[in-house]
Amino acid sequence: MLCIQRATLLTPDIQIDDGVLLIDRGRIVAVGDATTVAVPAGAEIIDAGGLIVAPGFIDVQLNGAFGADFTLDPETIWQVAAGLPRWGVTSFLPTIITSPLAQVAKAQETLAAGAPAGWQGSVPLGLHCEGPFLNPKKKGAHNPSHLRTPALADVAAWSRDNHVWLTTLAPELPGALEVIDALRRRRVIVSAGHSMATLAEARAAFAAGTRYGTHIFNAMPPLEHREPGLPGALLADASQVVGLIPDGIHLHPAVVKLVWAAKGPHGITVVSDAMAALGMAPGAYRLSDQEVIVTEHSDGMREARLASGTLAGSVLAMDEALRRLVMYTGCSLRDALATMTTTPADLLGIGHERGRLRAGAFADLVFLTPTLEVVQTVVEGVSCYEMS
């Protein structure tokens, strides 16, 4: 039995000062304060005095880190996952971008094979397939030679049971609505992104089953007051959750604040969209089969671009994303945390066991200082990172 005490606990709906968490066999068994939760004799004690303890972060769009790119080499998923707890990430969706379909199959095989013996780290829940069914006019950093028109045959092996949890496609492409419906039936979350969809086309996709918009405003047409297009459709429809990259590079801070005003904590998932340079020095890296140059700004934020100048993912860690979201929007910490915990968990259909501090949920926890620095990360009851 593990007991965390003297923490400030942030649950989805309440703050508990002098909080106590009891953990047994990887799951939370009790949540409360020192007057309501008794510490069992013999329990291992973690004193979290002065710290905030929140659910661990869930990143639904991560391309790689530590020099490794999931699309080029899906077998690096476990290697990267072992290092992610340093940023408070306890679960994530390894993202395979536009590439030959065989790369998705390799990534499925990697997850099916399971973790190496003795491995510990952030849990790769399932894949996010970002492409290859994207609009060439909004390809971003995706290699156009691998783009394809949506076809049922190409996604025949894509399902939740076969480790595909999220798919991004352009819903205006021929055949897209049929693919959306087929994937929805297999419990895959379908997202609209890298798209030139009009308002009408976006609404048709929502009706067919999309529930998400990949990195709002990026790789989409601009929001026009007479033709709001895909971004306007996503912002106006409460049934759609949007991904948001709050690095100050993908979106101006004022636009982050506008998205917050439109969608709020239950309509946004903060994502890193981080690529291989996360955790590394500036320099040259790969995003799938393309070279990306990473440079550093005066404020310490790094950006990743192709030689053409096109943004190619980010170098944003999730703890930095949390700090910037609070800074850009002025929102409460509890609301900011929801975008990285409860909202992605609910989107993925795992809100009963991840993204919350409640009895029965996995003990996925991040310990934060008052300035939101990660001190410790616990994944399924196991401490996987401690600040040195």
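Colleague: Which residues of strand E15 (residues 241-244) are buried on one side, and which on the other?

Modeller: Please note that this is a predicted model. On one side of E15 lie Val241 and Gly243, and on the other lie Val242 and Leu244; all of these are buried. Both faces of the strand are therefore covered, given that buried means under 20% relative accessible area.

Colleague: In which sense do E14 and E15 pair, and over how many bridges?

Modeller: Strand E14 (residues 212-213) pairs with E15 in the parallel sense, over two bridges. Opposite Val241 of E15 stands Tyr212. Between E14 and E15 the chain passes through helix H5 (residues 229-236), and this β-α-β crossover is right-handed.

Colleague: How many bridges join E15 and strand E16?

Modeller: E15 and E16 (residues 268-270) share three bridges, and their pairing is parallel. Leu244 has Val270 in E16 as its bridge partner. Here too there is a right-handed β-α-β unit, made of E15, helix H6 (residues 253-263) and E16.

Colleague: What describes the way two helices pack?

Modeller: Two packed helices are described by the angle between their axes and by the distance between those axes. In this structure, H6 packs with helix H7 (residues 318-329) at an angle of about 85 degrees, and the axes are 8 Å apart. H6 is therefore roughly perpendicular to H7.

Colleague: Which residues of H6 and H7 meet?

Modeller: From H6, Pro253, Val256, Lys257 and Trp260 meet Leu325, Tyr328 and Thr329 of H7. The residues of this contact comprise five nonpolar, one polar and one charged.

Colleague: Why do residues three or four places apart in an α-helix point the same way?

Modeller: An α-helix has 3.6 residues a turn, so residues at that spacing point the same way. With this idea in mind, consider helix H3 (176-185), where the buried residues are Ala176, Val179, Ile180, Ala182 and Leu183. They pack against strand E12 (164-169), strand E13 (189-192) and helix H4. After H3 comes Arg187, with a positive phi near 65 degrees.

Colleague: Which residues of H4 are buried?

Modeller: In H4 (residues 199-208), Leu199, Ala202, Ala205, Phe206 and Ala208 are buried. The buried residues of H4 pack against H3 and H5. Just after H4, Gly209 adopts a positive phi of about 135 degrees.

Definitions and conventions
Residues numbered from 1 in each chain as written. Predicted model: local features only at pLDDT ≥ 70, side-chain atom pairs only at ≥ 80, totals over all residues. Heavy atoms only, no water. Buried < 20%, exposed > 50% of the residue type's maximum accessible area, 1.4 Å probe, protein only. Helix = DSSP H or I, 4+ residues; strand = E, 2+ residues; numbered from the N terminus. Pairing = 2+ DSSP bridges. Right-handed = clockwise from strand over helix to strand, strands pointing away. Axes fitted to C-alpha atoms, helices over the stretch in contact; angles between N-to-C directions. Parallel < 35°, antiparallel > 145°, perpendicular 65-115°, else oblique. Contact = heavy atoms within 4.5 Å. Nonpolar A, V, L, I, M, F, W, Y, C, P; charged D, E, K, R; others polar.
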